Structure formats: C-alpha cells, structure tokens
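Work through the exercises below with the sequence and the 3D structure open beside you. Try each task before reading its solution.

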Amino acid sequence: MDRRIALKNMGLALGYTVATPTLINLMQSCKQDTAPLWTPVFFSPEEGSVLMHLADLILPKTDTPSATEVDVHKFIDKYLDEVSPEGEQSFMKMGMDRFIEKALADNGKETASDLGAEDLEPLLAASLEKKEAEEERAIFETLMSYNEAIANGEPAELDEDVARYAFATQLRDGVISAYKTSEYVGEEVLAYLQIPGGYIGCGDLDELSGGKAWSL
Amino acid sequence: MMELNCVEQHLREKVAENFDGRVITAGRVAHITSDKKFEGANRQTCQYRNRCIRGCPFGAYFSSNSSTLPMAEATGNMTLRPDSIVHEVMYDPDTGKATGVKVIDRLTKEKYEFTAKVIFLCASTVASTAILLQSKSDRFPDGMGNDSGQLGRNIMDHHLGVGAAGRLDDYEDKYYRGRKANGVYIPRFRNLGGKSNTDKFIRGYGYQGGGSRGNWQDTIKELSHGRQLKEAILKPGGWRMGISGFGEVLPYEDNRMYLDYDKLDQWGLPTVTFDAEFKENEWNMREDMKEQAVDMLEKAGFKDVTPYDNPGALGLGIHEMGTARMGRDPKTSVLNGYNQVHAVKNVYVTDGSFMTSSSCVNPSLTYMAFTARAAEHAVQELKKGNI
C-alpha cells in the first residue's frame with residue numbers, strides 16, 4: 001500500500017516535495033522567529049502545544065536535537081497554513097481534533113493545553129502501531145472513499161481509528177521530513193555534501209558517509 | 001560516464017549471466033562529466049546534485065539556455081523574441097512560398113507579422129502541427145502542407161509506467177557518494193532477429209531504472225516513534241531497485257490531433273483536441289515488459305519483486321511525435337527527406353512532428369541531429385537560390 005497515493009492531497013509527505021523557494025523561505029522564516037512564545041498560525045495555541053509534544057515524542061532529544069529544537073513544529077504549522085491544499089488542511093485539522101478528543105477522554109482531562117507528553121504518548125504509540133498488510137489495505141480503501149466523498153462535496157465521516165492512524169502517520173512523515181531538511185540536521189547531523197561535488201558509485205559506507213544517510 | 005552503483009552493478013552482472021545478450025548500461029543523459037570544454041555559457045562539469053529539473057546553474061546539463069542559445073547569441077545574428085505566439089505561416093500563391101509568420105504577443109495580445117526567406121517550425125510537435133493546421137489559404141484549405149491529409153495524424157509517444165521493483169538484502173556496508181542524474185538503461189532486446197523474436201508484438205522496448213538506498217520505512221516499520229526511530233532515520237535504509245519500460249508506439253492514422261474552433265483560447269486561437277489510444281500491439285508489448293522486468297530482477301536475487309502497470313494514456317511519455325511525418329511520397333506524407341514541407345519548400349519542420357516511427361529511445365537527440373541537418377540543407381538551398 002502506498003499511503004502517499006491514498007492521501008494524494010497530503011503534501012506533508014515532504015519526501016516527495018522538492019525544496020522549492022517557497023519552502024526554503026518558510027524554513028528561513030521559521031528560524032528567524034525568535035519570539036519566546038510561539039503562536040501557531042494554522043493550529044490553535046492548544047493544538048500547537050499538542051503538536052510540539054507529538055513532534056518531540058516522535059523525535060526526542062538524544063545526543064542530537066529534538067524535533068522542536070530545530071523548529072519542526074513551526075515548519076509544519078506554517079507549511080499547513082501556506083502551502084497545503086485545502087483538502088490536506090481540513091484533513092489535518094480533523095485528524096488533530098479526533099486525536100485530541102481521544103487523548104482527553106483517555107486521560108479524563110478537559111482541555112488540550114492540559115495534555116502533557118505522558119498523556120499523549122500511549123495514544124501516539126497505539127495510533128502508529130504497525131499494521132498487517134490486510135489491515136493497511138482496508139485503511140487505504142476507507143481513506144480513498146473518504147477522500148473521494150470529500151472531493152465530491154458529499155458528507156463523509158471517517159472511522160475514528162482510521163482518522164487517528166492517518167493523522168499520526170502523516171504527522172510522523174512530516175516531522176521526519178521537516179527534521180531531516182532543517183538546516184542544522186541537514187548540515188550537522190546527516191552527511192552533508194557540498195559542491196564541488198563528485199560521484200562514487202559503490203564504496204564503503206563508513207568511508208563515504210561515516211555510516212550516515214546523505215543529507216537531502 | 002556516470003558509473004553504476006552497487007546494486008546496479010549487481011543487476012548488470014546477474015542479467016549478463018542469466019540472459020543471453022541483454023545489456024545493462026549507464027542511463028543516457030547529456031551531462032558534462034569530463035574536463036572537456038564545451039561551447040556555451042561557461043559550462044562546468046556536473047556537480048552530482050541531481051537538481052537538473054530546476055535548470056542547471058553550472059550548465060553541466062545540456063539545455064538550450066546553457067548551450068545553443070548563448071552560442072547563437074554570440075554570432076550577433078540572433079534576435080530572441082519571447083512571449084510570441086506564432087499561429088500562422090503566411091503563404092504567397094504567386095511564388096508558392098511562405099512569406100513569414102503571424103504572431104500574437106502573449107502579454108499585450110498585439111498582433112505582428114514577421115517576414116522571412118526561410119521559416120523553421122520547431123515549436124514542439126503539437127504546436128508546430130497546430131500552426132500548420134491554422135495556416136489556411138485557398139491553396140491549403142486544410143492547413144499548410146496538408147495535401148495528403150496526414151497532418152495531425154499518426155501521433156505517437158512512448159508507452160511507459162510498466163515494470164517492476166524489488167529490494168536486495170545485500171551490500172549493507174556499501175553506499176554511494178553524490179547524486180547522479182541517471183540510473184541504468186537496458187537497450188531493446190526484442191525482435192532483433194533469431195531467438196529475440198516474438199510473435200506477440202512487433203518492434204520493441206527498453207528499460208530505464210535505478211537503485212538506491214531508501215529510508216527507514218523499508219526495513220523497520222516496527223519503530224513507531226522515539227529514540228530508536230530517530231537513530232534509524234539518520235542512517236541509510238535498505239537497497240531497492242526498479243526498472244521501468246519505454247515501449248514503441250506504432251503510427252496509426254486514426255490516432256490524431258485536430259483543432260477545435262468552437263473552443264478558443266484567451267488569444268482567440270483554436271484549441272487542440274487529441275483523439276488517440278494505445279492499440280493491440282502496445283498492450284501485448286506491455287505484458288512482456290512487465291514479465292521480463294520481474295524475471296530479470298528475480299533472477300538477480302531481488303526480493304519482494306512487485307510488478308506494476310499504469311498505462312495512463314498517450315502523452316504521458318511527453319515524447320509526442322509523428323503529426324507531420326516525413327516521406328518520399330507527397331500523397332502520404334507532409335515533409336520530404338530534408339524536413340521541408342513538400343509543397344512549400346522554404347518551410348522546414350524540425351521537431352518531433354517529422355518522425356515516422358517512434359522507436360523506443362528518448363528522441364531529443366534525434367530531433368536535434370535532424371534539425372542541424374535541415375539547417376545545413378537550408379543554408380545550401382538559400383545559397384543556390386532554390387528557396
């Protein structure tokens with residue numbers, strides 16, 4: 001199953017998106033945003049807080065920076081606001097809503113801003129749990145017909161588990177892509193190739209890149 | 001030469017062992033990879049960024065912007081007029097020659113006429129054919145050069161989107177450095193005589209493909225989030241390789257484009273309608289393209305080899321050609337052997353529209369070679385006073 005086909009309108013799978021000038025500007029503007037308190041533009045402040053927790057649960061701080069330390073949350077929020085097509089925007093809003101509803105119910109809490117990382121972790125883990133091929137195919141079908149209905153302007157309701165799964169996996173793809181394309185990770189963490197460049201077709205992994213994946 | 005990476009070399013060796021006479025070689029791209037100097041705008045060697053699609057700032061990838069336009073400008077004889085929509089070639093019935101072209105400025109919509117002794121239409125297949133179809137006169141009521149009725153017919157492309165991909169659980173301690181702009185090419189091996197012949201279809205196909213190390217999803221789906229996932233995304237994933245066929249499409253008279261005067265564009269010009277489809281030979285060929293792709297990858301030890309077949313429609317290959325075909329007989333063709341319109345010798349058509357068959361290889365270099373040949377012919381004919 002190719003989730004990218006199922007969610008064709010979901011550009012969050014940034015791996016497929018080349019770094020266009022728009023995106024580069026976005027990344028730069030994320031970096032320049034030095035206000036101590038971040039105010040999201042696409043999500044509400046409460047949702048923004050959940051987004052930050054989720055991003056750092058997906059990629060926590062280790063000997064390398066966490067997702068939010070390289071402003072992944074700001075990038076995703078701005079990307080959804082400025083680049084995403086309408087279909088993706090409404091899908092991610094809906095997914096975030098469903099996710100927060102369930103997290104509040106699971107934890108007996110009232111508002112999203114009360115949700116801490118420890119409240120969100122079990123639900124994130126459950127939502128991202130590896131699926132069997134059969135199950136993935138069923139989810140794919142469900143998403144396809146949901147997207148089709150939405151595209152045709154018909155009323156559609158998505159199964160809650162499917163919504164959370166789609167939201168969580170899309171978010172994870174977005175977090176990973178945004179993390180790997182951030183300036184710091186791209187230049188300092190991954191193996192960064194500058195010009196003048198050259199090409200070696202087949203060599204020792206450790207010698208060529210120190211065992212790391214190439215940046216970009 | 002851009003060398004093959006580890007899995008591409010692997011496939012080359014295994015295919016050579018298992019398939020008589022099948023070759024896997026480097027994909028064909030027009031990049032400078034040596035110290036040799038080329039004319040143009042300060043062209044440099046390839047930096048292996050594989051950002052060719054954006055337009056190469058080093059001029060390493062051949063393009064008219066880096067190469068032929070600067071060379072033409074350097075002669076001092078070039079006037080470039082952008083935003084010009086040529087929509088008609090003007091014709092003088094007294095001399096039997098074209099006299100120039102009519103142009104609409106794309107931005108201002110002002111109309112201009114330019115006169116010339118010789119005219120080269122090289123606007124791309126569909127556009128050049130549309131210009132000729134719009135060039136109506138008493139002599140050519142169905143479009144300039146359309147005495148045969150073949151103008152706009154026999155449209156071809158390459159059919160693609162069929163092949164297979166798989167993973168190779170090997171070479172985990174190997175990698176590549178830099179991003180080359182190509183992968184591999186597998187030249188046509190069908191219907192070349194002897195054992196290569198098949199009775200299922202005529203003509204043949206080639207493959208383009210490539211291998212690379214993927215990302216974490218390939219191998220470690222179990223990692224949903226957290227520390228281990230983070231470690232995994234920073235390392236190269238498993239090797240994958242795919243090959244994708246490019247097949248010859250036959251010329252069919254009823255595969256055609258025509259003008260729609262009921263649906264005009266914003267400049268008041270007729271729009272183009274395509275009426276074309278793949279037929280039996282293409283469909284039969286695709287079966288073989290899929291089967292052979294799977295067979296080669298599996299015999300080379302690839303795992304989870306998955307075939308695919310997404311035919312799309314003619315045009316997806318963006319190798320459209322054949323709508324003003326060349327031929328000896330003016331009754332059945334539009335252009336003569338030097339790309340001249342049979343009945344209007346000072347009009348040359350030098351894009352893909354002159355092609356009579358599509359072969360299965362990328363066509364740009366063929367178009368360029370024919371264009372250079374036609375230009376040389378035009379110079380000689382002008383000197384002789386023949387056109």
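**Exercise 1.** Find the strands that pair with strand β11 of chain B, and state in which sense and over how many bridges each pair runs.

Solution. Begin with strand β6 (residues 158-159) of chain B, which pairs with β11(B) in the antiparallel sense over 2 bridges; here a strand is a DSSP run of E of at least two residues, a helix is a run of H or I of at least four, both are numbered from the N terminus, and two strands pair if DSSP finds at least two bridges between them. In this pair, His158(B) stands opposite Glu248(B) in β11(B). Next, strand β7 (residues 162-168) of chain B is joined to β11(B) by 6 bridges, and the two run antiparallel, with Ala165(B) standing opposite Gly242(B). Then take strand β10 (residues 205-213) of chain B, which pairs with β11(B) over 9 bridges, also in the antiparallel sense, and in which Gly206(B) has Phe246(B) as its bridge partner. In general, strands of a sheet pair through backbone hydrogen bonds, either parallel or antiparallel.

The model is a predicted one, in which local features need pLDDT of at least 70 and side-chain atom pairs count only at pLDDT 80 or more, while totals for chains, interfaces and linings use all residues. Residues are numbered from 1 along each chain as its sequence is written, and chains are lettered from A and ligands numbered from 1 in the order in which they are written.

**Exercise 2.** Explain why strand β11 (residues 239-248) of chain B is described as largely enclosed by the rest of the structure.

Solution. Count a residue as buried if 20 or more other C-beta atoms lie within 10 Å of its own, as exposed if 12 or fewer do, and as partly exposed in between, with C-beta atoms placed from the backbone. In β11(B), 8 of the 10 residues are buried, so the strand is largely enclosed by the rest of the structure.

**Exercise 3.** Give the strand order of the open sheet of 3 strands in chain B, and name its edge strands.

Solution. The order is β5-β16-β15, and the pairing is mixed. The edge strands, each of which pairs on one side only, are β5 (119-121) and β15 (340-341) of chain B. Looking at one pair in detail, β5(B) and strand β16 (residues 344-349) of chain B run parallel over 3 bridges, and Phe120(B) stands opposite Tyr348(B).

**Exercise 4.** Describe the secondary structure of chain A, and then the packing of helices α5 and α6 in that chain.

Solution. Chain A has 10 helices and 1 strand, arranged along the sequence as α-α-α-α-α-α-α-α-α-β-α. Helix α5 (residues 86-107) and helix α6 (residues 117-127) of chain A pack at an angle of about 115° with their axes 10 Å apart, where axes are lines fitted to C-alpha atoms, for helices over the stretch in contact, and angles run from 0 to 180 degrees between N-to-C directions. At the contact, Lys102(A), Ala103(A), Asp106(A) and Asn107(A) of α5(A) meet Asp119(A), Leu120(A) and Leu123(A) of α6(A), two residues being in contact if their C-beta atoms, placed from the backbone, lie within 7 Å.

**Exercise 5.** Where do chains A and B touch, and how does strand β1 of chain A take part?

Solution. In total, 32 residues of chain A are in contact with 28 residues of chain B. The largest share of the side of chain A that touches chain B comes from β1(A), with 5 residues. This strand β1(A) is joined by 3 bridges to strand β8 (residues 174-177) of chain B, and the two run antiparallel, with Asp204(A) standing opposite Lys174(B).
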